[in-house]
Amino acid sequence: MSVSWLNPLSWPIEPWVLLGIELTAVLYLWGAPRRHPNLPPPLWGRVGVGGWSAARCRAIAFWSGLGVIVFALDTPLESLARQLFWAHMTQHLLLIVVAAPLLVIGSPWLQIWRGLPLSIRRPVAKTVVKHPAFAVVRSAVATITAPVAAWVLSSANLWFWHWPAAYDLTLRNHLVHHLEHGLFLGLGILFWAQVIDAHPFHARLSQFRRVVFVFTAMIQSWALAAVLAFATGPFYVYALLPRRPGGISALTDQQFGAGIMWVPGSITYSIVFIACFYLWFGEEDARAAQSASTLVGVSK
């Protein structure tokens, strides 16, 4: 890494990305609940991990999610992604399996909404929720946010943007590149919201269905990684570059990217899979204990 990469002033800042991050951060801070200093925190804010309140854990997840987005898109990784497939793959994975689940855990949606002026919130909410003109939009949102649709859309989106024609277009067209990253983040949030409870909402899937949901998604991402890893030649326009950082071949670069998708890209899936499996076993044990207690009561 050259010394210039250590200087933030030389980084390839994406103004629209930075503006979006800043606006989100301002609304989040402005929408934070305010309470009298002599009043205790609400009950839901007292339960957390390692002595930290749940509200603090969510705040850490939210700010970490924003930080990951900045790291993926507004650092030298963005420049490197235009020369190396594995760097571009790293960007995608940071958005899908790091930033997206962190934002879901952070549950910032209501707080960001409260950050908007009341004069904007009231008419917008009334129009979107009640106006007949938005009936089709409401129906479409309800369909898209269903678990099956979320799984299909996120998986199809992953495969589509790794189709060589679409992938190469993102390297030639900056707007398409932004669209690609926006869809990875947005559909990533939609995907993880199906299996991670985002306060004050709860995912609709049972714990067992969450296990299936995450496992099948991990399998299909492995399938894409296998296609990339075992290809006999490079798929993408990187092969036309006269040289690449590190002097690696285009095929080796593609195989590195596949390996990153296969192993580090599976970490979040594995963590959530194990957590859902554990919670499912707990539910089954509780159900069995309740059935046994009922049978004992009946026998008496």
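Trp113 sits in helix α5 (residues 109–114); helices here are DSSP runs of H or I with at least four residues, strands are E runs of at least two, and both are numbered from the N terminus. With 33% relative accessibility, Trp113 counts as partly exposed (buried means under 20% relative accessible area, exposed over 50%, partly exposed in between, with a 1.4 Å probe and protein chains only). The model is a predicted one, so to speak of local features takes a pLDDT of at least 70 and side-chain atom pairs count only at pLDDT 80 or more, while totals for chains, interfaces and linings use all residues. Residues are numbered from 1 along each chain as its sequence is written, and side-chain values use heavy atoms, with hydrogens and water left out.

Trp113 also turns up in a nonpolar surface patch of about 390 Å², together with Ile120, Val124, Val128 and Val129. Helix α6 (residues 118–130) supplies the largest share of that patch, four residues. Patch members have over 30% relative accessible area and no salt bridge, with like charges joined within 9 Å and nonpolar side chains (Val, Leu, Ile, Met, Phe, Trp, Tyr) within 5 Å. A salt bridge, in turn, is a side-chain nitrogen of Lys or Arg within 4 Å of a carboxyl oxygen of Asp or Glu.

On to the rings: the structure holds 22 aromatic pairs (Phe, Tyr and Trp rings, the six-membered one for Trp, with centres within 6.5 Å; planes under 30 degrees apart are stacked, over 60 edge-to-face, the rest tilted). Tyr28 and Phe62 make a stacked pair, 3.9 Å centre to centre with 20° between the planes. This pair links distant parts of the chain, 34 residues apart, with Tyr28 in helix α1 (residues 15–30) and Phe62 in helix α2 (residues 54–73). Both Tyr28 and Phe62 are buried. Trp280 and Phe281, by contrast, form a tilted pair at 5.4 Å centre to centre and 35° between the planes. Phe281 is partly exposed, at 47% relative accessibility. Ring pairs also tie Phe208, Phe215, Phe273, Phe277, Trp280 and Phe281 into a cluster.

Glu284 belongs to helix α13 and is partly exposed at 34% relative accessibility.

As for confidence, the protein averages a pLDDT of 85, and 87% of the residues score at least 70; pLDDT is the predictor's confidence in each residue, from 0 to 100.

Definitions and conventions: Accessible areas come from the Shrake-Rupley method with a 1.4 Å probe; for residues, only the protein chains shown count as cover.
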